Amino acid sequence: MAERGNSPNFAPKARLVQDARPVGGWQGWDTHRKVPGRGPPGLLIFAGVSAFCVWGLWRIAKSNQRREADKQEAREARINLIPLLQAEEDRRCVSCSHAFSCLAYVRAYILDSSSRFLREHKDRIEEEALIMRDVPGWTVGESPYKTRWMPPYSKPHAL
């Protein structure tokens with residue numbers, strides 16, 4: 001068999017050079033993680049959130065107190081206006097020639113409102129009769145619902 005370096009079919013023998021570290025050694029590698037700071041500690045975050053919640057609840061309590069004071073002021077204003085309104089009503093009623101005319105005024109108002117109600121009811125019945133004239137079996141003025149009223153059920157209280 002032909003030897004590798006002497007034969008024309010093979011390339012000349014190459015000298016093998018092994019890769020080795022340079023003189024003085026390799027440069028050192030930085031193996032530390034480059035992580036930014038972790039931020040504030042958990043106790044500080046907890047204290048901040050707690051303080052914010054307490055401040056928010058304090059604000060809610062203050063606004064509730066302010067709203068309640070406004071309601072109380074409105075109530076007192078209404079209560080203080082009642083005698084004035086009653087005096088005006090009494091003055092209007094007394095300005096009638098006598099008490100019977102005031103009662104007559106009230107009676108006339110009641111009769112007028114009841115007659116107006118009866119007039120409107122009669123108009124509604126006439127309109128219903130006009131609209132439903134072609135519907136067989138329709139009774140004008142009768143409720144279309146065939147139920148009767150029953151009081152709502154309430155549980156008996158245990159003693």
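Q: Buried means under 20% relative accessible area, exposed means over 50%, and partly exposed lies in between (1.4 Å probe, protein chains only). Why is Trp58 called partly exposed?
A: Trp58 has a relative accessible area of 49%. That value falls between 20% and 50%, so the middle class applies. Trp58 sits in helix H1, residues 42-94. The model is predicted, with local features needing pLDDT of at least 70 and side-chain atom pairs pLDDT 80 or more, while totals for chains, interfaces and linings use all residues. Numbering runs from 1 along each chain as its sequence is written, and side-chain values use heavy atoms, without hydrogens and water.

Q: How do you know which class Phe52 and Trp55 belong to?
A: Phe52 has a relative accessible area of 59%, so it is exposed. Trp55 has 43%, so it is partly exposed.

Q: What makes Phe52, Trp55 and Trp58 a nonpolar surface patch?
A: Patch members need over 30% relative accessible area and no salt bridge, and nonpolar side chains (Val, Leu, Ile, Met, Phe, Trp, Tyr) are joined within 5 Å. Phe52 at 59% passes, as do Trp55 at 43% and Trp58 at 49%. The patch covers about 400 Å², with areas from the Shrake-Rupley method, a 1.4 Å probe and, for residues, only the protein chains shown as cover.

Q: Why is the pair of Phe52 and Trp55 called tilted?
A: Rings of Phe, Tyr and Trp (its six-membered ring) pair if their centres lie within 6.5 Å; planes under 30 degrees apart are stacked, over 60 edge-to-face, the rest tilted. Here the centres are 5.8 Å apart and the planes stand at 35 degrees, so the pair is tilted. It is the one aromatic pair in the structure. Phe52 and Trp55 are three residues apart in helix H1, so about one helical turn separates them.

Q: How do you know that Arg75 forms a salt bridge with Glu68?
A: The rule asks for a side-chain nitrogen of Lys or Arg within 4 Å of a carboxyl oxygen of Asp or Glu. The closest N and O atoms of Arg75 and Glu68 are 3.3 Å apart, which meets it. The count comes to one salt bridge. Both residues are partly exposed: Arg75 at 32%, Glu68 at 41%.

Terms used:
Patch = residues over 30% accessible without salt bridge, like charges linked within 9 Å, V, L, I, M, F, W, Y side chains within 5 Å. Helix = DSSP H or I, 4+ residues; strand = E, 2+ residues; numbered from the N terminus.
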